[in-house]
Amino acid sequence: MSGVRVLVGTKKGAFVLTADGARKDWQVSGPFFAGWEIYHVKGSPVDPNRIYASQSSGWFGQLIQRSDDGGATWAPVGNKFAYDGVPGTHQWYDGTPHPWEFKRVWHLEPSLTDAETVYAGVEDAALFKSTDGGANWEELAGLRGHGTGPHWQPGAGGMCLHTIIQDPANEERMYIAISAAGTFRTDDGGKNWKPINKGLVSNFMPDPTAEVGHCVHHVAMHRDRPDVLFMQKHWDVMRSDNAGDNWHEVSGNLPTDFGFAIDVHAHEPETLYVVPIKSDSEHFVPDGKLRVYRSRTGGNEWEPLTNGLPQENCYVNVLRDAMAVDQLDECGIYFGTSGGQVYASADAGDSWTPIVRDLPAVLSVEVQSFS
Amino acid sequence: MTGNSGSVAAIVRVVLPQHLRTLAGVGAEVELEVDRPVTVRRVLDALEAGYPMLGGTIREYGTGQRRAFLRFFACEEDWSHEGLDAELPAAVVEGREPLLIIGAIAGG
């Protein structure tokens with residue numbers, strides 16, 4: 001019997017939403033870690049019962065929680081994130097040097113091949129790796145140390161490493177993205193990194209086409225075509241067909257190309273989803289209408305998906321890690337909003353229903369599929 | 001049981017904020033055996049030894065300093081700025097009063 005488990009991180013706790021393959025009747029459990037900010041929850045593709053959660057608080061700092069029973073019970077694991085060596089400085093908002101300071105874990109990415117291995121993207125931007133189920137963490141310091149670090153700067157949400165993508169066809173290749181530095185790639189398992197931002201144009205920078213400094217909001221890949229990447233930048237939706245070496249814009253007819261979330265259909269590598277947001281100073285959907293936009297052509301040509309979504313007086317945001325797709329035969333799409341709704345579509349976006357309407361503000365949504 | 005100084009270790013009562021009680025799986029108050037002289041640093045060392053999941057939640061890793069939004073109260077006095085190595089009042093050392101670890105009122 002098929003089913004899905006949706007893992008939701010919110011401003012005040014985590015929730016686990018489960019349903020069978022029809023995705024109509026949902027069980028809601030939680031809040032887990034009530035009162036804490038849960039930036040991200042994600043399960044291991046190797047062992048779906050192994051789930052990692054990033055739990056943080058302005059009072060008590062960062063914790064990492066781990067479940068080995070599919071989210072029923074949790075236990076704290078290691079939370080010591082120490083930068084390798086002297087961290088040095090990055091740019092502050094006004095361009096002055098500012099010391100690197102650990103603040104929180106934004107994203108946890110379990111390994112594609114080993115349930116004990118998991119990566120963590122943190123603020124201030126750095127990439128950490130654990131090979132013992134989260135007990136101990138070591139920085140992959142080649143990223144921060146490759147040379148451009150002093151030119152990175154924080155986006156409005158902080159200088160966060162928010163996206164980690166493993167190449168399923170090449171264990172040595174991985175992509176990460178940082179706001180506001182850009183996208184980076186390693187081809188040797190994380191030892192060495194290079195910026196891959198050619199083609200990005202960011203007018204808030206003195207040199208809009210500089211090698212680094214771009215506010216990349218999120219990057220998505222289809223597992224069957226790992227050299228094709230899609231990006232939601234601060235402004236602009238972008239595409240690369242050569243593993244990030246070059247990018248070109250595919251915003252096309254979107255009503256606004258500002259946004260955070262982007263994802264790819266599980267079985268159609270040219271079908272993309274974004275949620276346009278009005279602007280960088282008005283973080284809500286345009287015209288009071290919550291619309292997911294779908295492209296079936298790899299970008300440029302977009303159609304609004306509105307069936308079941310509020311089309312008046314709606315002013316929510318959808319954050320970068322708050323959209324996910326399942327792997328069932330008819331691909332399901334899920335996203336969460338700043339208003340606490342989690343919407344699901346069991347028909348690739350044609351129609352939507354809220355799983356829950358009144359959670360705390362949603363920070364992240366991930367989904368596990370069971371066949 | 002004797003402490004570093006050769007004297008009998010103190011039994012110190014510590015009141016944790018609610019979120020840390022939940023994290024550690026304890027009630028409102030915990031009792032800790034602490035070497036004399038009893039300081040906040042030694043109390044926190046004993047607390048983290050007994051409850052490793054609290055590591056980093058009261059003192060920051062790296063600096064070892066009190067997290068900015070936490071405060072230490074003892075005998076109706078604010079001990080947040082007395083330094084981690086200041087000796088705590090006799091009433092705390094003797095277990096008549098607890099050391100309170102309090103979340104600052106910030107953010108609602």
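How many helices and strands does chain A have?

**View 1. The fold of chain A in a predicted model.** Chain A has 1 helix and 30 strands, where helices (H or I, at least four residues) and strands (E, at least two) are DSSP runs numbered from the N terminus. The radius of gyration of chain A, taken over C-alpha atoms, is 19 Å, close to the 21 Å that the globule rule gives for 371 residues, so chain A is as compact as a globular protein of that length; the rule is 2.2 Å times the number of residues to the power 0.38. This is a predicted model, in which local features need pLDDT of at least 70, side-chain atom pairs count only at pLDDT 80 or more, and totals for chains, interfaces and linings use all residues. Residues are numbered from 1 along each chain as its sequence is written, while chains are lettered from A and ligands numbered from 1 in the order in which they are written.

**View 2. The surroundings of Asn79(A).** Asn79(A) lies in the loop between strand 7 (75-76) and strand 8 (89-91) of chain A. Asn79(A) counts as buried because it has 22 C-beta neighbours inside 10 Å, the limits being 20 or more for buried, 12 or fewer for exposed, and partly exposed in between, with C-beta atoms placed from the backbone. Beyond its neighbours within four places in sequence, Asn79(A) is in contact (C-beta atoms, placed from the backbone, within 7 Å) with Gln62(A), Leu63(A), Ile64(A), Gly55(B) and Gly56(B).

**View 3. Where chain A touches chain B.** Here 11 residues of chain A are in contact with 15 residues of chain B.

How values were computed: Contact = placed C-beta atoms within 7 Å.
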